[in-house]
Amino acid sequence: MRLHKVYQCASLFHLPKQPFLLSSSPHFLSLKPPLRHPFQFIKPCSTTSPAAFPTKPMRSRNIVAVGAAENDGGSNGATHFSAGTADREDSSLENGYCLPPPEIRDIVDAPPLPTLSFSPHRDKILFLKRRSLPPLADLARPEEKLAGVRIDGKCNSRSRMSYYTGIGVHQLMNDGTLGPEKEIHNLPNGAKINFITWSSDGTHLAFSVRTDEEDGSSSMLRVWVADIETGKARPLFQATDIFLNAVFENFVWVNNSTLLVCTIPLSRGDPPKKTLVPSGPKIQSNEQKEIIQSRTYQDLLKDEYDEDLFDYYATSQLVLVSLDGSAKPVGLPAIYTSLDPSPDENYIIVRSMHRPYSFNIPCGRFPQKVDIWTADGNFLREICDLPLAEDIPITHNSVRKGKRSINWRADKPSTLVWVETQDGGDAKIEVSPRDIVYAEPAEPLENEQPVVLHKLDFRYGGISWCDDSLALVYESWYKTRRIRTWIISPQSESVSPRILFDRSSEDVYSDPGSPMLRRTPTGTYVIAKIRKEGDEGTYLLLNGSGATPQGNVPFLDLFDINTGNKERIWESDKEKYYETVVALMSDQDEREMYLHQLKVLTSKESKTENTQYYLFSWPEKKACQVTNFPHPYPQLSSLKKEMIRYERSDGVQLTATLYLPPGYDPARDGPLPCLMWSYPGEFKSKDAAGQVRGSPNEFAGIGSTSPLLWLARRFAILSGPTIPIIGEGNEEANDRYVEQLVASAEAAVKEVIRRGVAHPNKIAVGGHSYGAFMTANLLAHAPNLFSCGIARSGAYNRTLTPFGFQSEDRTLWEAVNTYVEMSPFISANKIKKPILLIHGEEDNNPGTLTMQSDRFYNALKGHGALCRLVILPFESHGYAARESVMHVLWETDRWLQKHCVDNSSDPIAPEENATTGITDTENKAVGVAGGVAEHQIPDYEIDNVQITRRSSL
């Protein structure tokens with residue numbers, strides 16, 4: 001039985017809205033409306049009175065509100081600090097947490113809208129009530145940092161885990177409207193809800209509940225179930241001493257009446273205690289002279305005590321429990337990382353990890369055992385036992401040796417599919433084939449050999465199943481950016497595989513779209529075949545983003561799998577709205593799907609109208625509105641948004657999104673202070689780098705630390721100007737990183753000045769993570785462009801990430817000059833413009849250790865630079881607590897007002913920029929890519945261990 005889960009994990013980034021969050025194999029639909037931000041945890045205070053606090057003690061209690069300054073009446077419409085306010089804010093610089101001006105605070109504090117989740121049969125929608133930004137006290141809870149995982153010992157789950165506060169159920173009517181809400185009731189007061197999971201028949205929900213009261217047991221997670229018809233919830237287990245272990249897997253529906261649950265072993269005692277006097281030194285040895293390279297991971301195991309503690313928290317006892325409460329333990333206690341029931345409900349793929357562990361890599365590379373059990377909990381056979389994988393090369397497309405991507409075939413009752421590398425996992429080795437895809441039944445006959453489904457020369461990227469005659473196999477190769485889609489007939493050896501699409505992954509204009517999937521009665525998802533009346537052809541639905549030089553125009557094509565002919569049956573509005581097709585809604589049974597009976601779920605938004613969802617039906621081609629969310633920040637509802645295009649000096653076409661505040665008139669108000677926020681991206685071709693990504697009609701989602709918040713402070717915002725770092729042919733992109741970075745920024749600055757919307761002396765630059773790295777480099781190598789910079793959670797010394805970073809897979813010793821020249825730490829003596837550094841004290845992102853900002857600040861201070869370092873207690877790579885978020889906004893606003901709005905200095909002459917040899921800024925132009933915060937993905941999130949669950953949000 002398939003899983004239908006909704007996870008609300010700890011948010012590392014408070015990003016703009018994500019219209020739909022679907023798992024790669026979507027067991028249900030989960031819609032996330034534009035992000036709204038929290039109810040207040042701290043009462044805003046005036047400029048003279050202290051902030052009111054909850055009675056619960058917190059680590060940092062001093063919060064100072066810096067009041068909004070009066071508008072000085074200047075033509076640019078920007079607000080400034082008055083002398084009195086400036087005096088007050090200077091006196092509070094070292095005195096606890098501060099609050100930003102009300103116009104920013106009000107947007108961040110807007111109440112959040114619920115997340116939505118459709119039932120398996122698409123007839124009901126859950127409204128999952130979300131909490132707002134958590135208080136710092138939530139982040140201050142003790143956590144164990146073990147093997148790349150952070151664990152809350154009181155909950156025995158991942159630390160910093162977000163939650164839902166309530167569940168409402170709505171019936172979806174035939175006309176697309178919603179019935180009255182039915183609240184899931186009988187929950188304990190203050191219930192914190194996680195891991196919401198539909199049964200495959202849609203009659204029940206399973207989820208975890210905790211209350212975090214003062215008694216120790218209430219912080220532990222208990223499994224609850226709710227009857228959808230009555231709305232009544234109750235604990236699943238009759239015994240009160242059975243708690244959920246949610247460090248890795250938590251629970252799955254085996255069938256509509258039975259769950260397999262990872263529980264804390266009843267025999268478990270107290271956590272192991274660390275001896276005060278060690279028994280000996282900590283020793284690591286490579287006397288075998290093995291070549292082992294790995295990225296700069298954090299939170300790794302350090303000693304035998306850590307190994308014991310990891311075992312203590314991660315070990316689970318599996319328990320089979322039915323809805324009537326009857327339960328039985330199955331198997332031995334182990335570290336179970338994934339449970340995957342077969343479509344026919346007869347078997348379960350059980351993954352676990354075991355010793356020996358490593359002090360050099362995260363747990364995703366620990367030894368991994370994969371078994372098949374029967375649905376009643378009996379061991380059947382071992383599929384593989386993979387050894388410790390310390391030696392995976394850092395080269396892109398390198399993988400673990402042995403069987404990987406072990407899954408059930410979605411269109412069969414119980415057929416296993418996996419892939420095995422033929423190059424030893426090393427992408428540098430030339431071999432053909434590189435990967436082979438195999439299949440075999442769950443219980444093969446004696447001497448029955450696995451069937452070879454397909455052989456690939458690139459790296460395997462997954463399979464979309466349809467039936468015995470059709471499946472699509474994906475492969476890709478990062479170095480060349482090639483991606484191929486193959487058509488295979490799984491049960492017909494006489495039908496040769498053929499390439500359906502062969503293209504560059506960077507070429508978004510050529511993207512044909514992805515096949516839409518339909519739900520099967522067993523809860524799996526397979527490619528939807530569409531029939532046309534009076535036509536015997538076989539058609540697929542290709543759902544594409546529709547990238548064009550004018551922006552994305554999403555589409556739905558009817559694709560003839562045999563001839564390759566396409567018929568466009570739906571396309572987004574181009575003039576005002578941005579629309580997307582989200583999922584099929586007419587796949588409730590096994591009947592053949594005909595075009596005239598087609599029904600899909602779509603989203604619709606505009607520059608000023610937030611995302612709403614619709615049911616779109618054929619043959620009428622009529623849309624019925626399902627949701628009616630209010631505007632999250634009506635004070636910015638009339639903001640101005642434009643996707644602009646301009647050219648870099650080497651001819652590369654660049655794009656950016658320019659936002660202007662409501663009511664702004666350039667002729668009347670003149671140029672504004674401007675904040676440029678971006679994130680570089682690597683490309684293999686100039687043509688691909690110059691392609692337009694995104695739509696000018698998308699709604700402006702504003703996250704809690706978004707630069708768009710400064711529209712409320714009358715700034716122009718240049719969001720996501722493309723900064724492509726291009727390495728064509730055999731050229732490595734980063735060998736010309738600084739040159740291309742500066743040229744891109746020059747082009748962006750030149751364009752906003754040419755348009756008359758940005759004051760030449762009042763342009764600030766900022767970014768997060770790799771965007772912070774970008775910011776520091778621009779202040780070092782292009783001081784004439786910007787008045788100041790804001791760098792959040794960055795890495796500034798690449799010699800501290802010697803085994804690669806971002807897309808760079810050469811080591812420091814293979815590319816010494818590149819590593820050194822790219823590092824703004826080495827150029828700290830050249831930074832003369834004010835720079836604000838912000839970093840979470842508990843940053844666990846690979847490469848961006850908090851030490852990076854500490855050492856960069858010391859280097860800057862050692863050369864007399866105007867700089868400021870803010871370390872946020874308990875925060876990780878992104879910032880979550882309300883106190884931290886508000887203080888980041890206050891720091892940022894203070895920096896912008898002081899060093900951008902009030903900047904009266906003349907730009908540094910172009911000839912002073914000797915680093916790259918660029919002297920004529922008028923003749924230079926280039927760009928940036930992204931604007932979304934970088935997050936390097938640790939291996940433990942992409943390896944087969946599936947620490948990020950199948951249906952995780």
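**Reading a predicted model by its cut-offs**

Trainee: Which residue in the hairpin of E43 and E44 takes a positive phi?

Mentor: That is Gly 651, with a phi near 95°; the hairpin has 5 residues between its strands.

Trainee: How do you know that E28 and E29 pair?

Mentor: The same test applies. Strand E28 (residues 470-477) and strand E29 (residues 482-488) run antiparallel and are joined by 7 bridges; at least two are needed, so they pair. Trp 477 has Arg 482 of E29 as its bridge partner. Both strands belong to an open sheet of 4 strands in the order E27-E28-E29-E30, with antiparallel pairing.

Trainee: Why are E27 and E30 called edge strands?

Mentor: Strand E27 (459-467) and strand E30 (498-504) each pair on one side only. On average, neighbouring strands of this sheet are turned by 15° against each other, direction ignored.

Trainee: In which sense do strands E51 and E52 pair, and over how many bridges?

Mentor: E51 (residues 835-840) and E52 (residues 867-872) pair in the parallel sense over 6 bridges. Within that pair, His 839 stands opposite Ile 871. Together with helix H10 (residues 850-861), the two strands make a β-α-β unit that is right-handed.

Trainee: What makes that unit right-handed?

Mentor: Look with the strands pointing away from you: the crossover is right-handed if the path from the first strand over the helix to the second runs clockwise. The unit of E51, H10 and E52 is assigned that hand.

Trainee: Now to charges. Why is the contact of Arg 131 with Asp 138 called a salt bridge?

Mentor: Their side chains come to 3.2 Å, N to O, and the limit is 4 Å, so the pair counts. In general, side chains of opposite charge can pair when their charged atoms come close. The structure holds 53 salt bridges.

Trainee: And what about Asp 809 and Lys 479: what is the distance between their closest N and O atoms?

Mentor: It is 3.9 Å, and the limit is 4 Å, so this pair counts as well. The salt bridge between Asp 809 and Lys 479 links distant parts of the chain, 330 residues apart: Asp 809 lies in the loop between strand E50 (788-792) and helix H9 (816-822), and Lys 479 in the loop between E28 and E29.

Trainee: Are Asp 809 and Lys 479 buried or exposed, or in between?

Mentor: Asp 809 has 8% relative accessibility, under the 20% cut-off, so it is buried. Lys 479, at 40%, falls between 20% and 50%, so it is partly exposed.

Trainee: How do you class Arg 531 and Glu 536 by accessibility?

Mentor: Arg 531 is at 19%, which is under 20%, so it counts as buried. Glu 536 is at 70%, over 50%, and is therefore exposed. Their side chains meet in a salt bridge at 3.2 Å, N to O.

Trainee: Which residues are linked in a network of salt bridges?

Mentor: Arg 404, Asp 423, Glu 430, Arg 434, Asp 435 and Arg 459 are.

Trainee: What makes the link between the side chains of Ser 884 and Glu 875 a polar contact?

Mentor: The distance is 2.6 Å, within the 3.5 Å limit, so it passes on distance. Beyond its sequence neighbours up to four places away, Ser 884 also touches Tyr 97, Leu 136, Leu 872 and Pro 873, among others.

Trainee: And how do you know that Ile 725 is buried?

Mentor: Ile 725 is at 0% relative accessibility, under 20%, so it counts as buried. This residue lies in strand E48 (residues 724-726). Its contacts include Phe 683, Tyr 737 and Leu 741. The C-alpha atoms of Ile 725 and Leu 741 are separated by 7.0 Å, and the two residues are 16 apart along the chain.

Trainee: How many residues of the protein chain count as buried, in percent?

Mentor: Of its 953 residues, 62% do. The chain has 12 helices and 52 strands.

How values were computed:
Residues numbered from 1 in each chain as written. Predicted model: local features only at pLDDT ≥ 70, side-chain atom pairs only at ≥ 80, totals over all residues. Heavy atoms only, no water. Polar contact = N/O pair within 3.5 Å; in protein donor to acceptor, adjacent residues only side chain to side chain. Contact = heavy atoms within 4.5 Å. Axes fitted to C-alpha atoms, helices over the stretch in contact; angles between N-to-C directions. Buried < 20%, exposed > 50% of the residue type's maximum accessible area, 1.4 Å probe, protein only.
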